[in-house]
Amino acid sequence: MASSFLLFLLIFLSVYSFILLSESQKTSKPNRFVLQLQKDPKTKLYVTNIYKRTPSQKVPFVVDLNGRLLWVTCEKSYRSSTYHAPRCRSTQCSRADSHYCHICSTRDGLGCHNNTCGVMSMNPVTGLTAMSELAQDVLSIQSTQGSNPGPMVRVPQFLFTCAPSLLLQRGLPSTVQGVAGLGHSPISLPTQLASHFGSAGFAPTFALCLAPKGVMFFGDSPYYMLPNINKQGVGGTKLSAINPYTILHHSIFKAVTQFFSKELSAIPQVKPVAPFGVCFNSKSFKKSRVGPGVPNIDLVLHDKHVMWRIYGANSLVEAAPGVSCLAFVDGGMKNNGASIIIGAYQMENNLVQFDMAISRLGFSSSLLFYKTSCNNFNFTTIP
């Protein structure tokens, strides 16, 4: 039973095309960077700390794979001697695709200047948007040789938006101050890093390895997980770190649940736990290195020889004590731009790499097979 699997054809989607910018004080520029990821237990969103401002301050952000930019609230606690708001119709405005002149009628201060660039910021959970001020300030990020963090490197004129605090009011973890966008935009986080460090051999590539204590890399592989496993990716499709579980068009969801119900007919079903459709008695499953012994799911990409295999650790989730549910959500009959949106849970403990230069997605499949996980990056700093 565990050897049987389900095939799906996913449309190959272009992942990214990017333009770039910025400037560092280092004469010898590194070609890889690393950020630690933490899974928020309440919202299931992934949070990273990025150092910004002068003096440097650690700021927590939600990571959004499809976000266009990095935004942060500036109304209460933003203090920096290097903050700069570009003037309306400036080069920076054009780079950020801004077509609005920001007028601030309520107060003066950071995030509120007249005749500056206006850019829309968005809460990716609620979809709420707000006009924000385009700004520049110092961003610092830790370098890496692939196995440990190294020295911090500064990007003095990193573009972001100063957003109103109302964007934080619903859906996001209470600790965060903004959202770090990794998506298709000239001023997303990976785009700006690739712009500045490209001349030093920095590859326009980034990779996610999601886990309760995961890791994100900028720059090309190899990336090392304890105990010294070296992983790289192959492969292409659409993903979301904001959606906690994979969302399927209703017709596909129905086929998946029917398949699993048939294949697991010997396992007692229990009352479903929202938002899932099919749940089982957890005690009835045999355990393996890659989770419960259930049928594999093969996501077939643009080529029948390129498959992302999903094992029990990523297809079943313990939704309640003693209750394991098929970790896929019914997306209804509407398309909404994609029939399948692969969620964060299905990406956990899989190294997923985005090559922006050639619009290609690479993936490792489950690291659990290699007796390691995305929790196992060594964050001991090397001076």
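Predicted model: local features only at pLDDT ≥ 70, side-chain atom pairs only at ≥ 80, totals over all residues.
Figure 1. Leu-172 is placed in the loop that lies between strand S9 (149-163) and strand S10 (178-181). Because its relative accessible area is 9%, and the limit for a buried residue is under 20%, Leu-172 is classed as buried. Leaving aside neighbours within four places in sequence, the contacts of Leu-172 include Thr-43, Leu-45, Val-62 and Trp-71, and they also include Asn-123, Pro-124 and Val-125, as well as Leu-167 and Val-179.

**Figure 2. Close-up of the second largest pocket.** The volume of the second largest pocket is about 290 Å³, and 16 residues form its lining. Of these lining residues, Gln-36, Asn-49, Tyr-51, Gln-142 and Phe-379 lie nearest the centre of the pocket. Strands S2 (33-39), S3 (46-52), S8 (129-144) and S9 each supply at least two residues of the lining. By residue class, the lining of this pocket divides into eight nonpolar, seven polar and one charged.

**Figure 3. Close-up of the disulfide between Cys-74 and Cys-162.** Among the five disulfides that the structure holds is the one joining Cys-74 to Cys-162, with an S to S distance of 1.8 Å. This link is left-handed, with -85 degrees about the S-S bond. The pair connects distant parts of the chain, 88 residues apart, with Cys-74 in the loop between strand S5 (70-73) and helix H1 (91-95) and Cys-162 in strand S9. Cys-74 is buried, with a relative accessible area of 3%, and Cys-162 is likewise buried, with a relative accessible area of 3%.

**Figure 4. Close-up of the disulfide between Cys-88 and Cys-101.** A disulfide joins Cys-88 to Cys-101, with an S to S distance of 1.7 Å. The torsion about the S-S bond of this pair is about -70 degrees, so the disulfide is left-handed. Distant parts of the chain, 13 residues apart, are linked here, with Cys-88 in the loop between S5 and H1 and Cys-101 in strand S6, residues 100-102. The two ends are classed separately, in that Cys-88 is buried, with a relative accessible area of 17%, whereas Cys-101 counts as partly exposed, at 32% relative accessibility.

**Figure 5. Close-up of the disulfide between Cys-93 and Cys-117.** Cys-93 and Cys-117 are joined by a disulfide with an S to S distance of 1.5 Å. This disulfide is left-handed because the torsion about its S-S bond is about -70 degrees. The pair links distant parts of the chain, 24 residues apart, with Cys-93 in helix H1 and Cys-117 in strand S7, residues 116-122. Cys-93 is buried, and Cys-117 is buried as well.

Notes. Residues numbered from 1 in each chain as written. Heavy atoms only, no water. Helix = DSSP H or I, 4+ residues; strand = E, 2+ residues; numbered from the N terminus. Buried < 20%, exposed > 50% of the residue type's maximum accessible area, 1.4 Å probe, protein only. Contact = heavy atoms within 4.5 Å. 1 Å grid on protein atoms, 1.4 Å probe; cavity = no way out; pocket = protein on both sides within 12 Å on 5 of 7 lines; lining within 4 Å. Points joined across faces, edges and corners; volume = space filled by probe spheres on them. Nonpolar A, V, L, I, M, F, W, Y, C, P; charged D, E, K, R; others polar. Disulfide = S-S within 2.5 Å.
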